[in-house]
Amino acid sequence: MIPEGTRFLLPPEARLKAEVVGRLQDLFRRYGYEPVELPALEAYDPAHPLAARAFKLVDKTGEVLSLRSEFTTLLAKLLRAHLREGVHRFQYAGALWLREADAELGRLREYTQVGLELLGATGPLADAEVLELAFAALEALGVEGVVEVGLPSLVGEVLGASGLPQAAQKAAQRAIHRKNLPELKALLAQNPVPEEARRALLALPDLYGGEEVLREAEALPLPPRARAALRGLEETLGLLGRPVLLDLGMARRYEYYSGIFFRAYTPGFGLPLLGGGRYDGALLPQAAGFALGVERLLEVLKPPKEEAAPEVLALDLAALRRFAQEKRTELFHGEDPLAYARARGIPFLARGEELWRVE
């Protein structure tokens, strides 16, 4: 038996997982993102955003450690001493662990992510680069996807300018993010705000759709910084030149995300395949990135039920050495190679340098 929330993969699913990770790593490398390797153990930090859900261990020295539960925070912490001025591109891949199973992760407590971080660059062109990589990642895997883009800082600026008490702002944020208009109206009835702020807040949950949403948002009485963020988003989308689905009521962690936040979905699968955004100042001065959930991708890609047969059945080590350089080759152990090849659907037999087709 294996612990709850972990997985044991057999071929061909294990092979598909390796191919997915390899394809993404190769794609990111071709776009200039160099790999980094992060430790699975880190010093336990009560201030970490996932500290309450992390696996904790005690070292023989008495130091409290935790299993890696998230990549971005750890990467930022380790990079601070090594970063020089300029633009840096990094990618990562590996397992993460959470003590408490997460419904959004399919109740997994051990799961795999592949992601990237663009550091030292900010503004519309940098955001367009990260969004372009999100599209390219889905295309590299042959996944049909819709990228949904939000601007949590827009919601944050509108709430900040509303004059609502802090607790009411948090409640309004949750209502806006869930698009719960009745709850938001009830909250504003209990906490009166200026008419312009009320109008903007009530409009936010419905700012969902294509680029026409930008025009609707521009017509609202927005505070100056919110309007500047909206202009930045419009410029980003112009540089990207790809259709996206806009959700300007997306208010997830607006105190962390300083600019865009985005997710990608595929038809028939209810959870996002990737997510990320811009978080200038939260962990590093200028930073944006995203991560893909590999287990979710496996659910969407659905590996074949049986492993494909090799192309060549080698009858000796010389043939294995020769043909495995070019084709999937298996060394035969048994007494009747012809019957075995026919039963498995292997098209060629080989001995030494000689290759012949199975009749």
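# Briefing on a predicted protein model

Leu313 is found in strand β13, which spans residues 312-314. The relative accessible area of Leu313 is 0%, so this residue is buried. The model is predicted. The protein has 359 residues, of which 47% count as buried, and contains 12 helices and 16 strands. Its C-alpha atoms fill a box of roughly 85 × 55 × 45 Å along the principal axes.

- Helix α2 covers residues 71-79, and seven of its nine residues are buried, so the helix is largely enclosed by the rest of the structure.
- The buried residues of α2 are Phe71, Thr72, Thr73, Leu74, Leu75, Ala76 and Leu79.
- At the start of α2, the backbone nitrogen of Thr72 has a side-chain oxygen of Glu70 within 3.4 Å.
- Arg68 sits in the loop between β4 (64-67) and α2.
- Arg68 is buried but has no salt bridge, and Glu42, the nearest side chain of opposite charge, is 6.8 Å away.
- The side chain of Arg68 does reach the backbone oxygen of Leu38, at 2.7 Å.

- Thr329 belongs to strand β14 (residues 329-331), and its relative accessibility is 18%, so Thr329 counts as buried.
- The side chain of Thr329 has two backbone oxygens to consider: that of Phe323 at 3.4 Å, and that of Lys327, which lies 3.1 Å from a polar atom of the Thr329 side chain.
- Glu330 and Arg344 meet through their side chains in a salt bridge of 3.3 Å, N to O.
- Arg344 lies in helix α12 (residues 337-344) and Glu330 in strand β14, so this pair ties together parts that are 14 residues apart in sequence.
- Both partners are partly exposed: Arg344 has a relative accessible area of 33%, and Glu330 has a relative accessibility of 23%.

**Other salt bridges**

- Side chains of opposite charge can pair when their charged atoms come close.
- The whole structure holds 21 salt bridges.
- One of them joins Glu295 and Lys17, with the closest N and O atoms 3.6 Å apart.
- This pair links distant parts of the chain, since Glu295 is in helix α10 (residues 294-301) and Lys17 is in helix α1, 278 residues apart.
- Glu295 is buried, at a relative accessible area of 9%.
- Arg278 forms a salt bridge with Asp280, and the closest N and O atoms of the pair are 2.7 Å apart.
- Within this pair, Arg278 counts as buried at 3% relative accessibility, whereas Asp280 is partly exposed with a relative accessible area of 21%.
- A network of salt bridges links Asp26, Arg29 and Arg30.

**Surface patches**

- Asp206, Glu211, Glu212 and Glu216 form a negative surface patch.
- Glu211 is placed in the loop between β8 (208-209) and α8 (212-218), and its relative accessible area of 47% makes Glu211 partly exposed.
- Ile2, Phe8 and Leu10 make a nonpolar surface patch of about 350 Å².
- Ile2 lies in the segment before α1 (13-30) and is partly exposed, with a relative accessible area of 46%.

How values were computed:
Residues are numbered from 1 along each chain as its sequence is written. This is a predicted model: local features need pLDDT of at least 70, side-chain atom pairs count only at pLDDT 80 or more; totals for chains, interfaces and linings use all residues. Side-chain values use heavy atoms; hydrogens and water are left out. Patches are made of residues with over 30% relative accessible area and no salt bridge: like charges are joined within 9 Å, nonpolar side chains (Val, Leu, Ile, Met, Phe, Trp, Tyr) within 5 Å. Accessible areas come from the Shrake-Rupley method with a 1.4 Å probe; for residues, only the protein chains shown count as cover. A salt bridge is a side-chain nitrogen of Lys or Arg within 4 Å of a carboxyl oxygen of Asp or Glu. Lys and Arg count as positive and Asp and Glu as negative; His and the chain ends are not counted. The place of a charge is taken as NZ of Lys, CZ of Arg, CG of Asp or CD of Glu. Helices (H or I, at least four residues) and strands (E, at least two) are DSSP runs, numbered from the N terminus. Buried means under 20% relative accessible area, exposed over 50%, partly exposed in between (1.4 Å probe, protein chains only). A polar contact is a pair of N or O atoms within 3.5 Å; within protein, one must be able to donate a hydrogen and the other to accept it, and residues adjacent in sequence count only if both atoms are side-chain atoms.
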